[in-house]
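Biologist: I am new to this structure and would like to go through it with you. Could we begin with a term that will be needed along the way?

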Amino acid sequence: MEMVWITISALLTLAIFSFLYKDNPIYKFAEHLLVGASAGYYFVIYFFNSVKPNLIDEVVKNHHLIPLIPGFLGFLILFRLSRKYGWLSRWSIAFYIGTGMGIYIPVAMQANIIEQLRGTMVETGKVGEPPLFNISSFSLLFSDFNWHNLILAINGPILIIGVLCTLAYFFFSKPHKGALGKFAKVGITFLMVGFGASFGYTVMARVSLLIGRMDFLVNTWFRQLFGL
Amino acid sequence: MKNLLDKFLKMDRRYIFFLVALGVIIPLIVPIGLPVDITKPVKDVYDAIDSLPEGSYVIISLDYDPATIPELDPMAYAILRHCFRKNLKVITMTLLPAGPGVAEMATKTCAKLENKKYGEDYVFLGYKVGVSAVILGIGEDIRIPFPQDYYGTSIDDLPMMKGYKNYDDTEIVITISGTNVPASWVAYAHQRYHVNVASGVTAVMAADFYPYLQTGQMVGLIGGLKGAAEYEKLVGVPGKAFVGMDAQSIIHSLIIILIIIGNIAYFIVRKSKKEGVG
Amino acid sequence: MRLIWSLVFILMVLTVGSALCTDETPSPPATIVVSDKGSDDGSKLRVEWSPSPDEKSTNPVLRVERYRIMRREIGGQFEEVEEVFVGEGMEKGKYVYIDSNLQLGKRYIYRVYSVSEKDVVSKGYAGGSGVPVANLFNVERLNVLIFIVAFAGLFIYFYRRAKGGVELYVRPIAGLSAVDEAIGRATEMGKPILYISGLSTVDDISTIAAITILGRVARRVAEHETKLIVPNYDPVVMLVEQEVVKQAYLEAGHPDAYSDDIVFYITTRQFSYVAAVDGIMVREKPAANFFMGYYFAESLILAETGAATGAIQIAGTDAVTQLPFFITACDYTLIGEELYAASAYLSKDPLQLGTLKAQDYMKLAIAVIMGIGIITATFGLNWFQRLFVAR
Amino acid sequence: MKRELPLFICALMGITMIIQYFIPHPYSIKFYQTVIGWFIIIMTFAFVLGIMSIARVHWNKVSRKQKDWFYSLVALISLSVTLFVGFAFGIERGKPFMLIFEYIQVPMESTMFSLLAFYIASAAFRTFRARTFEATLLLIAAVIVMLGRVPIGYMISSKIPAISGWILDIPNLAAKRGIMIGVGLGSISMGLKIILGVERSWLGTIGGE
């Protein structure tokens with residue numbers, strides 16, 4: 001029985017791969033099968049893992065009434081189906097968006113701004129760690145000039161310049177000319193090197209995924225099916 | 001020539017897809033075994049295990065969860081099989097709450113492959129809460145954190161564990177992890193109880209642990225799929241890492257060659273176009 | 001605020017075991033202070049003790065290697081909480097241990113023993129007790145508050161100024177001038193425009209940015225009477241976008257051209273969604289693809305499939321990890337903050353453009369603070385970095 | 001009522017949640033958790049509309065016998081079967097619902113994910129051309145990092161893994177940090193605009209009124 005299921009999986013896997021050649025009826029079939037199943041899956045899982053314990057069980061079994069408030073807000077969304085009272089659904093969406101923004105703002109201020117600020121003052125961003133602009137590593141460099149010491153000394157300054165110049169690139173209210181233009185240009189250099197590096201770094205993980213799928217097709221399915 | 005290059009530059013992507021597919025499938029069917037250079041940190045781990053006399057105790061802590069299986073399973077398998085082949089007495093455990101399933105699978109599969117008997121050649125202790133508490137606990141007596149094994153058998157009822165107490169009876173601790181747990185093994189097991197610690201980590205984490213090698217706090221380090229492939233080669237059990245590394249090398253080289261040829265072609269075409277205008 | 005709570009501090013100094021050397025056990029810490037940790041929900045206490053004089057003893061039996069913290073509740077038994085090694089977690093010459101997972105309002109009694117290298121435990125101990133208290137303000141987040149207030153202040157200042165009619169310059173953003181070009185091309189070719197607003201939820205600000213950009217794009221699309229396709233990953237986003245697009249068609253004077261088939265839901269499973277969008281791309285052959293909002297690994301699948309169909313592609317995301325893929329596979333990419341600037345820019349609303357100025361001044365402030373931080377760090381003044389620690 | 005009340009609710013919740021962040025008291029934390037829980041419940045009803053939306057799109061195609069209507073029928077059947085077996089027989093392991101998930105959905109989704117290996121190769125070939133200075137930097141960085149990840153790089157030069165590590169650790173980090181700070185400011189500004197009612201397009205109000 002399991003082999004039947006594995007064969008189905010394998011055939012569907014091949015169906016998806018067939019898209020690489022071109023769009024075809026087999027892919028279309030697989031795609032629609034997948035979309036229907038996954039929309040249904042998500043809804044069912046959502047219902048059993050969230051709605052049932054948080055709303056239905058709370059109200060019916062534990063007789064808690066507070067979950068009825070979001071229940072009501074959610075119900076308002078269904079008014080969208082009515083042409084006349086559709087605007088009622090905005091109340092719940094307003095609640096959702098407003099809360100989301102309020103939660104996000106302080107977190108972003110902390111994680112995106114304050115943490116990054118500290119990280120650009122000292123190594124690893126921990127208080128008391130060596131400074132990014134480290135005089136002692138420069139004096140080491142001057143007393144013993146070699147590649148290793150050079151890299152050690154200039155890493156911090158390069159990082160600082162990179163962050164500041166990238167920031168300069170994101171200046172919107174001044175034309176990118178003169179000094180700001182030069183900084184922004186250096187910023188673009190850092191952005192491009194960074195993007196290239198991230199791209200190169202990801203290749204391995206993506207190839208691993210493909211190996212996994214091919215391994216499934218070749219070893220789990222094909223070899224077992226034909227007893228090789 | 002120019003037209004040919006122009007065509008090459010606008011090549012149908014499906015040719016590339018075909019090459020990529022071949023690059024992955026061929027090594028799967030016929031492992032090529034592209035040369036994997038053995039690096040020192042990996043060789044150090046191998047030597048540390050290989051030089052142990054039969055019957056020595058080793059602790060292998062499989063501190064990873066399903067998310068890092070693709071990278072860490074191959075090295076866990078290679079190390080486990082190496083230990084079993086050397087007839088060492090293997091104690092496996094995990095310090096991650098999501099780890100027992102993965103760790104049990106690795107331990108059992110390798111034991112089966114090498115025909116080892118549970119309780120005599122190896123034991124699996126499972127998971128206990130608290131990283132440092134468990135590591136320090138084993139330092140006093142393994143029965144403190146683990147009075148029983150994963151299956152509820154008392155430690156004293158396992159023939160292999162008679163005569164085993166703590167790190168004093170342990171030759172080496174190997175921790176395989178995608179987290180910071182190896183640092184705890186170094187801090188508590190090595191610093192305090194002076195047992196040798198070696199580690200296998202994901203490629204991303206490897207950089208964080210290199211300093212431990214320089215200071216001698218770790219005897220060796222295996223990093224990422226490449227490290228695992230090296231270890232598989234040393235042990236002589238080409239597995240997923242080895243095959244994976246073949247495919248990785250092929251695809252990476254393929255992409256780089258495509259980029260290089262693409263650029264050469266691009267420059268020739270561009271130059272000839274300029275000349276044409278001029 | 002903090003002072004008031006500090007009054008709750010319970011200070012007990014007990015120096016038992018006035019370590020005579022004949023005891024042959026290490027001497028315990030001299031003083032201990034147990035106090036509320038502050039800035040928390042009342043589940044933490046701060047235990048602070050001074051080093052034992054035997055830390056530097058030459059006798060290994062006496063030389064302190066670690067401290068053992070024991071704790072009990074009223075009427076309970078002492079239990080070991082933690083062992084702290086010499087030199088670990090010191091602040092200003094004292095050892096600090098934060099004990100967590102305690103119960104609010106309950107009294108806890110602590111003893112700290114010294115333990116020597118030979119595992120000899122001190123006979124005496126330093127003891128004290130404390131009660132955790134819940135606080136109303138997290139002092140450790142004061143810096144976040146200051147930053148928010150400062151930014152909101154700048155924001156409101158420039159908003160007012162723009163209202164007063166001061167014209168502001170905004171630098172050109174490469175991807176944006178292409179928006180009109182893309183819509184025009186689609187109209188010419190009689191092909192549809194595909195708009196994807198990311199794979200995140202509506203409480204994610206990049207999704208909101210994507211929705212506002214969709215509003216501006218939809219309006220122009222409606223003016224040109226071009227076909228628009230907006231497949232969705234999240235149903236709430238779909239609901240909001242239906243309103244936005246409907247309104248856009250209304251404002252463009254083509255309310256009849258709108259139907260709920262323009263903005264529709266597919267599925268909230270990443271790769272199932274991608275499979276469907278890929279299908280749409282190859283079958284409908286849109287002339288222009290917009291990828292705005294937050295993306296994950298699927299970014300390259302979408303962008304490469306789109307590139308193969310020959311569409312003009314404009315992407316904009318603040319997902320740092322996905323930017324490289326959009327940069328390589330799309331014609332134009334709005335990088336990070338440009339996505340947010342774009343929604344202000346496309347609105348052509350001077351008030352919105354004014355807020356960009358606030359962002360720039362904040363950037364300048366950040367650069368200055370960074371500079372000061374780098375200089376102070378170089379001279380070992382750690383207090384300045386400490387201002388930027390938030391928990 | 002149609003616009004003012006939603007704007008008020010949005011502003012009220014936004015400001016409340018910002019204040020909540022600074023109050024560590026257990027009541028405040030309880031409030032936060034409750035609100036997060038509410039999100040889930042509100043979402044449910046949106047999912048009902050979502051399912052109706054997908055069903056409608058495909059139903060229209062089938063009933064109007066549009067091009068490819070057969071595939072829409074497949075989607076409709078697959079959707080209803082999944083919903084039916086999920087609600088009728090439960091979602092435990094081994095039940096038909098999970099079998100569909102494990103043997104139909106997961107293999108196709110992970111295959112879709114693995115297509116990236118192909119696309120990353122084609123994208124690299126197609127776009128990594130040294131057309132401009134910036135493009136050249138991008139491609140050189142990518143090639144070095146790629147080489148640094150596989151043994152061949154080490155065989156070409158033992159320095160390559162180190163250089164690749166350096167690129168990732170220093171210039172890459174600097175660029176990321178710059179982007180993050182910009183994104184932080186841009187998104188906070190966007191959030192403030194929504195809370196203060198400057199940006200109302202989410203209500204279906206587009207032009208600056």
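Predicted model: local features only at pLDDT ≥ 70, side-chain atom pairs only at ≥ 80, totals over all residues.

Biologist: Then is R219(C) buried, exposed or partly exposed?

Modeller: R219(C) counts as partly exposed, because its relative accessibility is 26%.

Biologist: Which side chain does R219(C) meet in a salt bridge?

Modeller: The partner is E251(C), with 2.7 Å from N to O.

Biologist: What does R283(C) pair with?

Modeller: R283(C) forms a salt bridge with D23(A), and their closest N and O atoms are 2.9 Å apart. This pair crosses between chains: R283(C) is in helix 6 (residues 270-284) of chain C, while D23(A) is in the loop between helix 1 (2-17) and helix 2 (25-61) of chain A.

Biologist: And why do R283(C) and D23(A) count as partly exposed?

Modeller: R283(C) counts as partly exposed because its relative accessibility is 23%. For D23(A) the value is 21%, so D23(A) counts as partly exposed.

Biologist: Let us turn to chain B. Which residue forms a salt bridge with R192(B)?

Modeller: That residue is D119(C), and the closest N and O atoms of the two are 4.0 Å apart. R192(B) lies in helix 7 (residues 181-193) of chain B and D119(C) in the loop between strand 7 (108-116) and strand 8 (126-130) of chain C, so two chains are joined by this pair. R192(B) is buried, with a relative accessible area of 15%, whereas D119(C) counts as partly exposed at 41% relative accessibility.

Biologist: Which residues are linked with R192(B) and D119(C) in a network of salt bridges?

Modeller: The network also holds E65(C), R66(C), R68(C), E80(C) and E83(C).

Biologist: How is chain B divided into domains?

Modeller: Domain 1 of chain B takes in 2-31 + 246-277, and domain 2 takes in 40-237. Taken over C-alpha atoms, the centres of these two domains are separated by 44 Å.

Biologist: New topic: chain A and chain D. How many residues of each are in contact?

Modeller: On the side of chain A there are 111 residues, in contact with 102 residues of chain D. Between them the two chains bury about 10,200 Å², with 82% of that on carbon and sulfur atoms. In chain A, the residues that lose the most area to chain D are W5(A), F43(A) and F95(A), together 6% of what that side buries.

Biologist: What polar links are found between chain A and chain D?

Modeller: There are 18 residue pairs in polar contact across the interface, both residues being at pLDDT 80 or more. Helix 1, helix 2, helix 3 (68-77), helix 4 (89-119), helix 6 and helix 7 of chain A are the elements that give two or more residues to the side touching chain D. Helix 2 of chain A supplies the largest share of that side, 27 residues. By class, the side of chain A that touches chain D has 74 nonpolar, 30 polar and seven charged residues.

Biologist: And how many salt bridges are counted between chain A and chain D?

Modeller: The count is two. K28(A) and D68(D) also meet through their side chains in a salt bridge, at 3.3 Å from N to O.

Biologist: Where does S173(A) lie?

Modeller: S173(A) is in the loop between helix 6 (147-169) and helix 7 (178-225) of chain A. Its relative accessibility is 9%, so S173(A) counts as buried. The side chain of S173(A) makes a polar contact with that of D360(C), at 2.6 Å. Apart from neighbours within four places in sequence, S173(A) is in contact with Y169(C), K357(C) and D360(C).

Biologist: Last one: is N232(C) buried or exposed?

Modeller: N232(C) is buried, as its relative accessible area is 2%. N232(C) has its place in strand 10 (residues 228-232) of chain C, and its side chain makes a polar contact with the side chain of E241(C) at 3.0 Å. Leaving aside neighbours within four places in sequence, the contacts of N232(C) include S197(C), V263(C) and Y273(C).

Terms used
Residues numbered from 1 in each chain as written. Chains lettered and ligands numbered in written order. Heavy atoms only, no water. Helix = DSSP H or I, 4+ residues; strand = E, 2+ residues; numbered from the N terminus. Buried < 20%, exposed > 50% of the residue type's maximum accessible area, 1.4 Å probe, protein only. Polar contact = N/O pair within 3.5 Å; in protein donor to acceptor, adjacent residues only side chain to side chain. Contact = heavy atoms within 4.5 Å. Domains from an automatic or database assignment. Buried area = accessible area lost by both parts, 1.4 Å probe. Nonpolar A, V, L, I, M, F, W, Y, C, P; charged D, E, K, R; others polar.
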